Amino acid sequence: MIAATKEGIETGPCFLRTAAWQDFQRRVGRTVFRFSDDVYVVKLAIPFGMQYLYSPSYHILDMWDEVTRVAKQEGSIFVKCEPLTDDERVRRRMIEAGFRTARKSLQPQQTLVLDLTKTEAELLAGMNKKSRYNIRAAEKSGVEVRREHDLAAGVDLFWELLTKTAERDEFSVNSKHYYQELAKTPGAELYFSYHGDTVLNGTILMAHEGRGTFLHSASHHALREFRGPYAMRWHIITMLKERGFTECDQWGIDEERWPGVTRFKRNFGGTHVRYIGSYDYPFKKVPYWFYDKRQQLRKH
C-alpha cells in the first residue's frame, strides 16, 4: 500500500520531502539546508540555546559528508532522522551508520491507512458498527461538510476550534502563523462540518500523489451530539476516492500518548502501519547526553 522509492524501500507520507514542504518550513521561520529535490535538513531549536538538524529522509546517508559539514558549521548537537518506513533494511542501515534509537519522535510512528481502491461498501464494512451508525445519524440530522476556500477566515475559525480542543484534551499546538502558512502550502485543503450555520469541526488535509493525510483536526465538544467528526471523515474518504486517490492516511495513532484519538481513528478501520522509529546521530556527545536525559525524565 505504501509508495515505494526507486530502491524498492517502502516509505510513508512523501509530502514531507517535497520542495513545497521545505518552502513551508522556511515561511514559518526555520532554516532549511537542501541537498537534492527530496533530501534536506531543517534546523530546530531546543532548550538552553541549543539546536539540531532534522530530516524525514534516510537518503541523508547518501549525502552524509554534506550533512556533517552543515552540522559542524551550525554547531548542531545531533541530527535526527525519521524515515517513516516499515522496512527493516532501513533500520539496519541507520544503526550501521552510527545512529541510535531516539527517545522522542517528531512525526507519528504508527498510523492507519485506508485502501481507497475498495468500494464504498467494503470501506463501510471495514469500520465498526458505531462508526457506520454515526455516519448515517450525521447525514440524517443534516450535517454538511464543505471545503473552505477563504483561507484567512478559515484559519481563524480553525484556530478557535483548535485552541479550545487543545485546552480540553491537554495537548500543545503550534502558533497561529504556522497554520496560516500550512493552509497556503500546495496540497493542503481546509474543511469544516456544519449543522445549519453552526460549525462542528474542522480538518486540515494534505492531498499529495494519490494519498490524502489527515494532518490536523479540531472539534466543538459541546456539539458532539451531531457527530461532525464522523461526517467529516466519511466525506473526505469518499471525496478522495472520487478524485482517484488510492490511500487515506489517518496520520498518527498511539494507545499510550493519544488513547482517545486512537480509539476514534480505529473506528474507521484501515491497515495498521508501524514505522521503524526515530534515530539520532550525536555530534556533541556531552550536550546530547543532557538532552537525552531530559527526554527520559519527561517521559516518566
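Student: Is Trp251 buried or exposed here?

Tutor: This is a predicted model, and in it Trp251 is buried, with a relative accessible area of 11%. The cut-off for buried is under 20%, so that value falls inside the class. Phe15 is buried as well, at 4%.

Student: How should I read the ring geometry of Phe15 and Trp251?

Tutor: Take the distance between ring centres, then the angle between planes. Planes under 30 degrees apart count as stacked, over 60 as edge-to-face, and the rest as tilted. The centres of Phe15 and Trp251 are 6.0 Å apart and the planes stand at 55°, so this pair is tilted.

Student: Where in the chain do Phe15 and Trp251 sit?

Tutor: Phe15 is in the segment before H1, while Trp251 belongs to the loop between strand E11 (247–249) and helix H9 (259–266). The pair therefore ties together parts that are 236 residues apart in sequence.

Student: What about Trp159 and Tyr179?

Tutor: Those two make a tilted aromatic pair too, at 6.0 Å centre to centre with 45° between the planes. Trp159 is in helix H6 and Tyr179 in helix H7, 20 residues apart, so the pair links distant parts of the chain. Tyr179 is buried at 3%, whereas Trp159 counts as partly exposed at 22%.

Student: Which residues form the aromatic cluster?

Tutor: Phe15, Trp21, Phe24, Phe158, Trp159, Tyr178, Tyr179 and Trp251 form one cluster. For the whole model, the count comes to 21 aromatic pairs.

Student: Which residues of helix H7 are buried, and what do they pack against?

Tutor: H7 covers residues 176–183, and its buried residues are Tyr178, Tyr179, Glu181, Leu182 and Ala183. They pack against H1, helix H6 (151–169), E8, strand E9 (198–208) and strand E10 (211–219).

Student: Glu181 carries a charge, so what does its side chain meet?

Tutor: Here's the general idea: side chains of opposite charge can pair when their charged atoms come close. In this case Glu181 meets Lys184 in a salt bridge, 3.1 Å from N to O. Glu181 counts as buried, at 9% relative accessibility. Salt bridges that share partners also join Asp23, Arg27, Glu181 and Lys184 into one network.

Student: How do Arg27 and Asp23 meet?

Tutor: Their side chains form a salt bridge of 2.8 Å, N to O. Both residues lie in helix H1 (residues 19–27), four residues apart, which is about one turn of the helix. Both are partly exposed: Arg27 has a relative accessible area of 26% and Asp23 one of 35%.

Student: Which residue forms a salt bridge with Arg147?

Tutor: That's Glu189, with the closest N and O atoms 3.8 Å apart. This pair links distant parts of the chain, from Arg147 in strand E7 (residues 143–147) to Glu189 in strand E8 (residues 188–195), 42 residues apart. Arg147 is partly exposed at 37%, but Glu189 counts as buried at 7%.

Student: How many salt bridges are there?

Tutor: The count comes to 19 salt bridges.

Student: What does the side chain of His59 contact?

Tutor: A polar contact of 2.9 Å joins the side chains of His59 and Asp62. His59 is in the loop between strand E3 (50–55) and helix H2 (64–74), and at 12% it counts as buried.

Student: Which residues make the nonpolar surface patch?

Tutor: Val286, Trp289 and Phe290 make a patch of about 350 Å². Trp289 lies in helix H10 (residues 285–299) and counts as partly exposed, at 47%.

Definitions and conventions: Residues numbered from 1 in each chain as written. Predicted model: local features only at pLDDT ≥ 70, side-chain atom pairs only at ≥ 80, totals over all residues. Heavy atoms only, no water. Helix = DSSP H or I, 4+ residues; strand = E, 2+ residues; numbered from the N terminus. Buried < 20%, exposed > 50% of the residue type's maximum accessible area, 1.4 Å probe, protein only. Polar contact = N/O pair within 3.5 Å; in protein donor to acceptor, adjacent residues only side chain to side chain. Salt bridge = Lys/Arg side-chain N within 4 Å of Asp/Glu carboxyl O. Patch = residues over 30% accessible without salt bridge, like charges linked within 9 Å, V, L, I, M, F, W, Y side chains within 5 Å. Areas by Shrake-Rupley, 256 points an atom, 1.4 Å probe, with all protein chains shown as cover. Contact = heavy atoms within 4.5 Å. Phe/Tyr/Trp six-rings, centres within 6.5 Å; stacked < 30°, edge-to-face > 60°.
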